[in-house]
Amino acid sequence: MMKTFLILCVAALTVAAAGEEKLTFHTDWKGERIELPPSFAPAMTLKGIEEIRFAPGMFNAKSESFFTYAFVFSVPKTQELTPDLIKQEMLAYYRGLAEGVSKSKGKNIDGGKFTFALEPAKAATETPQKIAASTKVAQYSGELSWIEPFVTAQPQLLHFELQSWTDPATARNYLFVCASPRARGDTDAVWKELHDIRRSFEVTAP
């Protein structure tokens, strides 16, 4: 199933180059770096890069970490990550992903029926430890109602935690996203690992 995802991303695949910041995930979860907007979601307006890390059970419907992953968007500072823009871009991303995967399997999913709810948190928690203490981090919770296209082709409710901030050293905006069908909770093992990955995430300026 991961192969299907990677095939969709081939046209958008990019490699870290000289002059590009380094995005480091301290985890053994496998992943990819792709260009934004990805080829499967041309309706997105953000332009930059996405770094993704998949949980070991990402494409195993029987696993506790099924469809659990973390990713970060890195975009120029001129692209302000407002709540309205985040909601718009997440919907465009998942609509394109579901429609692209289903088409590759000879099926049809109407992404126009998907919904994404976004709510601001009172405070940001479990933020990346390597960013400056003075950095203002905005945190949101989200829920995506969609059709999971890779394994089950069934309705799924995905839970999200999203954090956005600006890094003055790179002059870029970042959106760090944790996603899982498991309900968010500090005592849940899957979410604890997602939080660990987010806390240890690093951005290194070129």
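Tutor: From the N terminus on, the elements of the protein chain follow the order α-β-β-β-β-α-β-β-β-β-α-β, which amounts to 3 helices and 9 strands. The model is a predicted one. The C-alpha trace of the protein chain spans about 50 × 40 × 35 Å along its principal axes. A compact globule of 206 residues would have a radius of gyration near 17 Å, and the protein chain, with 16 Å, agrees with that.

Seven strands form an open sheet in the order β2-β3-β4-β8-β7-β6-β5, and their pairing is antiparallel. At its edges are β2 (30-36) and β5 (115-120), each of which pairs on one side only. On average, neighbouring strands of this sheet are turned by 20° against each other, direction ignored. In general, the strands of a sheet pair through backbone hydrogen bonds, either parallel or antiparallel. Here, β7 and β8 (residues 172-180) are paired in the antiparallel sense over 9 bridges, and H159 stands opposite S180 in β8.

Two helices lie across strands of the sheet. Helix α2 (residues 83-104) lies across β3 (48-54), β4 (69-76), β5, β6, β7 and β8, and runs at about 25° to β6. Helix α3 (residues 189-199) lies across β4, β6, β7 and β8, and its direction is at about 165° to β8.

Rolling a probe the size of a water molecule over the atoms shows where empty space is left. The largest pocket has a volume of about 220 Å³. Its lining consists of E80, L81, T82, P83, K136, A138, Y140, S164, W165, T166 and N173. Which strands each supply at least two residues of this lining? They are β6 (138-148) and β7 (154-167). The largest share, 3 residues, comes from β7, the strand that pairs with β8 over 9 bridges.

Two details of the backbone in the loops complete the picture. F67 is found in the loop between β3 and β4; although F67 is not a glycine, its phi is positive, at about 50°.

To return to the part requested: the largest pocket, of about 220 Å³, draws at least two lining residues from each of β6 and β7, and both strands belong to the open sheet of 7 strands.

Notes:
Residues numbered from 1 in each chain as written. Predicted model: local features only at pLDDT ≥ 70, side-chain atom pairs only at ≥ 80, totals over all residues. Heavy atoms only, no water. 1 Å grid on protein atoms, 1.4 Å probe; cavity = no way out; pocket = protein on both sides within 12 Å on 5 of 7 lines; lining within 4 Å. Points joined across faces, edges and corners; volume = space filled by probe spheres on them. Helix = DSSP H or I, 4+ residues; strand = E, 2+ residues; numbered from the N terminus. Pairing = 2+ DSSP bridges. Axes fitted to C-alpha atoms, helices over the stretch in contact; angles between N-to-C directions. Contact = heavy atoms within 4.5 Å. Rg over C-alpha atoms; globule rule 2.2 N^0.38 Å.
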